[in-house]
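Please look over the fold below before reading on. The paragraphs after it go from the whole chain to single elements and residues.

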Amino acid sequence: MISGNLGYPRIGQNREWKKAVEAYWAGRLEEQELHSQLEDIRLNNLKLQQEQGIDVIPVNDFTYYDHVLDTAVMFGLIPERFGWSSGDKEVDLATYYAVARGNITAAASEMTKWFNTNYHYIVPELTADLQPVLTVNRPLAAYREAKAKLGIEGRPVLVGLFTLLKLSKGYEAGQFADWVDRLLPLYGQVLAELEQEGAAWVQIDEPALTGTLTPEELAEVQRIYGTLSGQRSGLNVMLQTYFEAVDHYKEITALPVQGLGLDFVHDRGANLRSVLEQGFPADKVLGAGLIDGRNIWKADVAGKIKLLDALKQAVSPDRLIVQPSCSLLHVPVTAAQEEKLEPVLREALAFANEKLAELVLLAKADRLGADAAAAELAAAERARQALQQSPARSSSAVRQRAAHAA
């Protein structure tokens, strides 16, 4: 069993990302310096994961504003009012930020919630006059950077075609298949170039697969992955879902991909039941989302080990990756700096770095046995129990007010 991550916070340990971007917007930072500062943050994020001992490190999870906007811009999906033409190829930074924030002549694109989280994304606008084109292969650039500068064989991350279309607006329901036709060759080109570069895996994020799909939508998903599978042979696809359970488990596990990521935190037990009752394909890797990527508390590591033991009834350990339930972009970077908090509270916190440590611990306990990780497991349980027993978590006054409000 190995450990993996799905995405890392972009903001920086001391909000360096936010400060740099806002300084650029205010005209206090030149574009080249912005690129330099954000590169430092991006590489530091990767280096930290490498030093933590994470086996599968995502690349192209970093952004200058929003990962959905990045995907739309990568495929030239720029609304006409921003004055960009597909003949211009790469999208300049001024246009990129104009789509996100607006400018003196054009209103910004809509921003809305990323599924049921508090993260907001820029809604792509798909109109009939748009001509999609691959402006730049962002996953390829991120893969090359990590390998050349840090020696990391990263796993490129890409928002899936089905999810991208489900999150977009501007087209009629009956035009969904047409947009699949228009974008599918570009997705194929991205994957082909990654394969040619020597990438072993790509992570395609499809959280929209956790919803209830119509027969027509399910057919489009099958068409998308059937087509992409037929175009490559050396690049493995980790089809990553998160936030909820997969309703169409049988159909999704039958897709021609080499790995499937499932959320075992926010699935209300449904994904686990599906795996145990229906089995898991012997030719696929399971990305087991065991550590909550959206809360700030230490995990019940002992409970996660029991869940892993249950999963191993259906999946051999050599085909398991222990990972967060979703990208860690939803949590702060580290709890190490929370020095003003009460010790009991501080020790019970788990931000991104602490969650990575939990993943490494789970993989270690499985590979070497619980005895080899006994001290770390005991420390994690003490911190969790101390918080549970803290008076701050069992205030009678609060309980009385809550009961009265109910």
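This is a predicted model: local features need pLDDT of at least 70, side-chain atom pairs count only at pLDDT 80 or more; totals for chains, interfaces and linings use all residues.

Residues are numbered from 1 along each chain as its sequence is written, and side-chain values use heavy atoms, with hydrogens and water left out.

The protein contains 15 helices and 10 strands; helices (H or I, at least four residues) and strands (E, at least two) are DSSP runs, numbered from the N terminus. Its radius of gyration is 22 Å, close to the 22 Å given by the globule rule for 406 residues, so the protein is as compact as a globular protein of that length. The radius is taken over C-alpha atoms, and the rule is 2.2 Å times the number of residues to the power 0.38. Along the principal axes, the C-alpha atoms fill a box of roughly 60 × 50 × 50 Å.

Of the 406 residues, 52% are buried, where buried means under 20% relative accessible area, exposed over 50%, and partly exposed in between (1.4 Å probe, protein chains only). Contact means heavy atoms within 4.5 Å. Among contacts between residues at least 6 apart in sequence, 76% join residues at least 24 apart. The protein exposes about 18,000 Å², and carbon and sulfur atoms supply 50% of that area; accessible areas come from the Shrake-Rupley method with a 1.4 Å probe, and for residues only the protein chains shown count as cover.

How is helix 3 placed relative to the rest of the structure? Eight of the eight residues of helix 3 (residues 67-74) are buried, so this helix is largely enclosed by the rest of the structure. Its buried residues include His-67, Asp-70 and Met-74. The packing partners of these buried residues are helix 4 (93-101), strand 4 (120-122), helix 5 (138-150), strand 5 (155-159), helix 6 (161-166) and helix 7 (176-197). At the start of helix 3, a side-chain oxygen of Asp-66 comes to within 3.3 Å of the backbone nitrogen of Val-68. After helix 3 comes Gly-76, with a positive phi near 70 degrees.

Two serines can be read side by side. Ser-274 sits in helix 10 (residues 270-278), and Ser-327 lies in the loop between strand 10 (320-324) and helix 12 (343-348). Ser-274 is buried, with a relative accessible area of 12%; Ser-327 is also buried, at 12%. Leaving aside neighbours within four places in sequence, Ser-274 is in contact with Tyr-249 and Gly-279.

Ala-310 belongs to helix 11 (residues 301-311) and counts as buried at 15% relative accessibility. Beyond residues up to four places away in sequence, Ala-310 touches Leu-272 and Leu-276. Ala-310 and Leu-276 are 34 residues apart in sequence, and 7.9 Å separates their C-alpha atoms. Is Ala-379 buried or partly exposed? Ala-379, in helix 14 (residues 374-389), counts as partly exposed, at 34% relative accessibility. Between Ala-379 and Val-157 there are 222 residues in sequence separation and 34 Å in space, C-alpha to C-alpha.

How values were computed. A polar contact is a pair of N or O atoms within 3.5 Å; within protein, one must be able to donate a hydrogen and the other to accept it, and residues adjacent in sequence count only if both atoms are side-chain atoms.
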